[in-house]
Amino acid sequence: MTALAFSPWFLIPISLTLFMVLSYALLLLARNLNWNANNQPVSLVDLVNQKLPQTQCGQCGFSGCRPYAEAIVKGEAINKCPPGGKFTINSLAKLLNKAAIELDPAQGGYTVPTVVEIREEECIGCTKCIQACPVDAILGAAKLMHSVIRNECTGCDLCIDPCPVDCIDVIPLNSSTPLRWQAPAIISNPDHFIRPGNMT
Amino acid sequence: MITSTTSSLIASCSPQQQAKITTGQIMLWVIAACLPAIFLSTYFFGIGVMLNIVLASVFALSFEAVALKLRNKNLRTNLLDNSALVTAVLLGIAIPPGSEWWLILSGVFFAVVIAKHAFGGLGQNLFNPAMCGYAMLLLAFPLDMTSWHIPVAQQADEPFSPLSLASMQTSIQFLLPAFATDSVSNTLNLADGLSMATPLIEQKMAGKSAIFAIFNSAGSWLDLLRRESGAGWELVNIGFMVGGLFLIYKKIISWHIPLSIIGSIVLLSLLFYSENSVNTYGTTYLHLFGSATMIGAFFIATDPVSAATTPIGKLLYGVIIGCCIYSIRVWGSYLDSIAFAVLFGNFCTPLIDHYCAPTIYGHARKRIWKPAN
Amino acid sequence: MKHSFFPATSSSKKSYYFTGGIKPPANKKRSLRSVIMDTPIPEFLYLSLKQYSGPDAIPVVCVGDKVLKGQLLANAEGELGVPIHASTSGTIREITNRIIPDEFGHEAGSICIEADGQDTWITRQPITDFKSLGPELLREKIQLAGICGLGGAGFPTGKKFSSNKPIDWLIINGAECEPYITCDQALIRENPETIVSGARILQRICRALHCVIVIEQDKQDAIDALGTAIHDCEIELISVPAKYPSGSERQLIQMLTNQEVPSGKLPQDIGVLTANAGTASAVHNAVINNEPLISRITTVCGDALKTPKNFRALIGTPVSFLLELCGIDYTSLSRLIVGGSLRGFTLKNLDAPIINTTNCLIAGSLREFPPAPAELACIRCGSCTDACPAGLMPQLLYDQIRSNESAKAKQYGLNDCIECGACAYVCPSHIPLVQYYRAAKSDLAAQKLRQRLSAKWQQRFEVRQTRIRLNEKRKKGSRRRSLSRPEGMDVTDTSLENFSRENAKQQIADAVARVKARKNRTPTNTQVKTKNPGEGKP
């Protein structure tokens with residue numbers, strides 16, 4: 001062993017430090033490896049789809065919510081969903097780090113939540129509305145009475161056009177919306193908060 | 001009959017009554033509690049401190065008004081919350097008497113505009129504004145900030161009072177050097193002369209208590225009030241302590257922060273005091289009453305915006321500040337360390353608030369950082 | 001169920017404590033100067049079908065019917081509903097929407113009775129000994145009598161006491177901690193025996209091991225009256241320090257048993273049930289005297305009144321009637337508060353009728369309730385944290401809500417807020433904290449509902465898509481029927497695929513054409529709305 005000019009005792013703390021650093025790094029690595037152990041890989045399209053209201057009404061110009069979600073991921077504007085309203089635009093803006101813009105006026109204005117009801121005296125049992133409903137909220141069969149299951153109706157209004165006898169009414173939902181308290185005026189004013197990427 | 005009156009009924013949300021105390025009143029009580037010490041300081045050292053405070057208040061209110069206007073806030077309600085006034089009073093006390101007006105101006109500007117409004121205004125500032133201003137001045141103008149210019153007797157046997165007309169004139173001339181006479185200007189340009197340091201600065205904790213000296217040499221109470229006894233600074237600190245205890249009694253501040261600051265300083269000073277190295281480690285008494293600890297513990301560190309919020313958090317905050325005060329004083333190179341210690345405590349406040357939150361009812365003694373869901 | 005150490009007896013007056021709380025001025029003296037007054041019968045009574053936040057009752061009478069006092073007017077809908085009984089005899093004038101005194105200013109269906117002044121009761125069958133009836137029968141009796149929580153929430157008592165969980169403690173809550181309200185104190189000091197009897201009935205229903213009655217220490221007259229009334233029972237009388245909100249259910253349980261009700265759970269999950277003192281008295285009336293809930297004690301107080309007092313008011317009495325009985329000065333009335341001064345809400349329409357849960361009416365003058373000062377910035381003084389009985393940090397929640405981070409506020413315990421108002425009471429910057437929390441809570445609730453609905457609709461949509469695809473595969477493989485696709489149909493559009501059916505009738509085609517001509521909607525994107533002109537099979 002060569003004669004060392006210095007005593008090697010300081011190697012002890014150095015090696016201890018190295019050991020601690022290495023083990024911590026390994027721990028982090030191991031944690032990252034197990035990151036998705038219990039989770040399904042979630043695609044961006046799925047995440048965007050989750051933010052949409054799922055009424056499948058097509059007012060955005062796409063044939064349902066999932067096609068619109070796919071278009072958004074490809075760069076489509078996020079302000080095309082009237083049933084989602086401000087809430088959907090804001091949550092999409094937050095998810096995709098874009099500006100929260102106003103609803104596209106070409107899609108019509110913000111809509112009140114509605115359901116439909118069939119006037120049973122006039123129904124002829126043609127099943128057109130049943131075929132049109134994207135969530136199977138209409139009960140019935142050929143030549144038998146058709147009824148809307150109110151709790152399942154999304155208010156997409158897709159059944160109204162196919163009905164040959166125009167016997168479907170649109171009913172605004174006032175009483176089943178949850179009771180809402182109004183925030184104090186200082187934050188109800190949308191101009192109050194100006195944060196980047198979250199313009200109201 | 002009924003419908004004609006119902007339209008005039010007020011609609012309001014609960015609770016329909018509030019406690020009578022307002023933010024403006026709280027700040028005024030804090031200022032009021034400083035007054036005994038300010039009067040004592042004036043009695044012993046001249047009107048310099050009062051001039052500081054008046055000038056600082058004028059500057060602070062004007063800067064605050066300008067800043068509020070720039071931020072489109074309602075001037076009337078926001079000026080009346082008196083927070084700028086408290087900053088000005090504390091800064092005026094901290095800046096040595098006999099300082100020139102531009103020192104006060106820059107300190108107040110930094111405190112009110114930069115340290116408070118640039119961070120978001122009242123309630124949003126991370127650091128104590130008065131201490132930010134003081135720290136900036138200390139770093140930028142170290143010589144001016146470590147020397148007191150107060151009127152003293154010209155001849156040894158002449159009857160002298162800091163409150164005499166001549167002394168008042170001298171104090172004003174210190175403030176506004178443009179009006180200074182030749183004799184005063186000469187002394188301002190000298191490093192010593194009329195200048196006197198605080199006991200802490202002069203003796204670096206090696207001094208003895210003047211009050212004890214008086215009583216040990218069979219003096220009477222009246223001797224305390226004689227300016228030559230040198231007990232002025234200690235009496236001023238006792239005044240601050242009395243004011244602080246009054247604030248605790250009125251429930252304006254809570255006892256946690258002062259107790260933990262004073263307690264940790266007492267503990268550390270008892271631990272490290274030794275007769276041999278008396279030049280470095282001072283006695284406990286001197287740590288508490290020979291320096292700015294009292295004002296720091298009761299008035300500066302208890303600033304609600306930058307201090308911790310919960311009782312346990314306040315105790316921890318006070319311990320951190322107390323340890324910093326002692327360490328910087330004894331082992332550091334800054335002579336009076338309140339400002340830096342409080343600023344260091346402000347750094348720690350968000351973390352303290354996060355970890356010292358109370359347990360929520362019904363969450364089985366879980367702390368907030370492990371959320372229930 | 002493990003017993004916790006229960007130290008207090010009527011002599012020792014010792015109890016645990018809850019953190020926080022405030023001591024506002026009580027303002028109870030004026031209304032306690034006189035005894036409870038029975039109101040004269042008003043000309044019209046409006047019985048609201050919506051007595052609390054549960055389902056509305058369903059009327060069983062029609063306009064023009066003559067009813068007797070105590071007669072059933074509306075059936076409860078389901079277990080969570082409350083039945084409505086006539087408060088006096090008379091004729092049903094109308095059944096229309098009318099404003100009810102709740103926080104939202106809702107209107108609900110109300111049955112209007114025109115009193116005939118006779119005040120004739122239906123036939124009642126009083127009993128002498130409630131022990132002759134079994135617990136389940138007793139519970140049904142109070143459910144049919146319409147007894148609900150008279151302390152504030154109005155939850156049906158029969159439903160509350162219907163759980164099969166083992167109950168250790170039944171707590172009768174006579175701690176009226178909120179300023180201005182004195183109805184429970186007046187009831188206890190005048191009719192303590194009804195409360196004791198009601199407590200024993202409730203104890204029999206829920207089979208509780210122990211029963212205690214709780215009162216605040218500053219109500220000495222009520223304590224003495226109750227002490228005399230329970231001298232021969234096993235019921236204990238506990239007096240707790242007068243602090244707001246000691247009458248809140250969760251804080252009361254913590255004070256008496258040193259246990260906390262876990263977040264999101266009910267007191268019965270830890271073996272405790274509470275009932276208001278007024279509810280106990282109503283239970284006694286329902287079981288022993290066979291009288292349904294048709295009246296309640298209401299405190300009417302405030303500076304705009306000449307003589308504030310407690311009334312035994314008939315449910316459905318208009319608020320203005322009671323105010324005039326106390327000599328109200330309408331010119332000095334500036335705020336009418338329903339409830340106490342800390343949790344009460346304001347009422348603008350004085351024609352609203354009393355409902356089951358209207359425990360207090362404060363006719364406030366401007367001097368008594370000056371307008372709230374402007375909201376200033378939060379100075380982080382921590383008074384709210386010190387005052388919060390639920391162990392929250394109100395300033396932190398406020399900061400998060402104002403920063404549009406309500407979800408984070410939920411994580412920090414927003415849903416554990418009991419909305420007592422102590423934080424907003426002590427705030428020196430006059431920030432309406434409770435309003436922020438309520439708005440944030442309702443936003444979060446709406447968001448949750450929205451997400452639940454979206455998830456449900458998405459699932460139904462995907463199930464339908466799968467079914468359509470499977471059917472299509474099956475039909476493609478089958479040779480029995482050919483699927484002729486009509487012209488103009490977009491075959492790539494999978495979301496609105498229509499199965500074409502043969503045999504379109506001409507009149508249907510005509511009807512479709514008529515409908516199309518009649519509608520003048522802005523044409524939506526034709527890629528989505530595919531029509532089958534003349535293609536549908538009926």
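Strands, domains and contacts in a predicted model

In this predicted model, 6 bridges connect strand β13 (residues 295-301) of chain C with β14(C), and the two strands run antiparallel.

User: Which residue of β14(C) stands opposite I297(C)?

Analyst: Strand β13 of chain C, which covers residues 295-301, is joined to β14(C) in the antiparallel sense. Within that pairing, the residue of β14(C) that stands opposite I297(C) is R312(C).

User: Which residue in β14(C) is the bridge partner of M37(C)?

Analyst: Strand β1 (residues 37-38) of chain C also pairs with β14(C), here in the parallel sense and over 2 bridges. In β14(C), the residue that partners M37(C) is F311(C).

User: Why does strand β14 of chain C count as largely enclosed by the rest of the structure?

Analyst: A residue is taken as buried when 20 or more other C-beta atoms lie within 10 Å of its own. Strand β14 of chain C spans residues 309-314, and it is largely enclosed by the rest of the structure because its buried residues number 5 of the 6.

User: Which strands are the edge strands of the open sheet in chain C?

Analyst: The open sheet of chain C has 6 strands, ordered β1-β14-β13-β17-β15-β16, and its pairing is mixed. An edge strand here pairs on one side only, and the two strands of chain C that do so are β1 and β16 (345-347).

User: What is the bridge partner of L336(C) in β16(C)?

Analyst: Strand β15 (residues 335-338) of chain C pairs with β16(C) over 3 bridges, and the sense of this pairing is antiparallel. Within β16(C), the partner of L336(C) is L347(C).

User: How far apart are the C-alpha centres of domain 1 and domain 2 of chain C?

Analyst: Chain C is divided into domain 1, covering 30-313, and domain 2, covering 374-483. Contact between them involves 6 residues of domain 1 of chain C and 5 residues of domain 2 of chain C, and the side of domain 1 that touches domain 2 consists of 2 nonpolar, 3 polar and 1 charged residues. The C-alpha centres of these two domains of chain C are separated by 33 Å.

User: Which helix gives the most residues to the side of chain B that touches chain C?

Analyst: The contact draws 38 residues from chain B and 54 residues from chain C. On the chain B side, α1 (2-6) and α2 (23-45) each supply at least two residues, and by class that side has 20 nonpolar, 17 polar and 1 charged residues. The helix that gives the most, with 3 residues, is α1(B).

User: What percentage of the residues in chain B are buried?

Analyst: Chain B contains 19 helices and 2 strands. Among its contacts between residues at least 6 apart in sequence, 72% join residues at least 24 apart. Of the 373 residues in chain B, the buried share is 49%.

User: Is Q56(A) buried or exposed?

Analyst: Q56(A) sits in the loop between α2 (44-51) and α3 (65-73) of chain A, and its C-alpha atom is 17 Å from that of F87(A), a residue 31 positions away along the chain. Because Q56(A) has 28 C-beta neighbours inside 10 Å, this residue counts as buried.

Conventions:
Residues are numbered from 1 along each chain as its sequence is written. Chains are lettered from A and ligands numbered from 1 in the order in which they are written. This is a predicted model: local features need pLDDT of at least 70, side-chain atom pairs count only at pLDDT 80 or more; totals for chains, interfaces and linings use all residues. Helices (H or I, at least four residues) and strands (E, at least two) are DSSP runs, numbered from the N terminus. A residue is buried if 20 or more other C-beta atoms lie within 10 Å of its own, exposed if 12 or fewer, and partly exposed in between; C-beta atoms are placed from the backbone. Two strands pair if DSSP finds at least two bridges between them. Two residues are in contact if their C-beta atoms, placed from the backbone, lie within 7 Å. Domain bounds come from an automatic or database domain assignment. Ala, Val, Leu, Ile, Met, Phe, Trp, Tyr, Cys and Pro count as nonpolar, Asp, Glu, Lys and Arg as charged, and the others, Gly among them, as polar.
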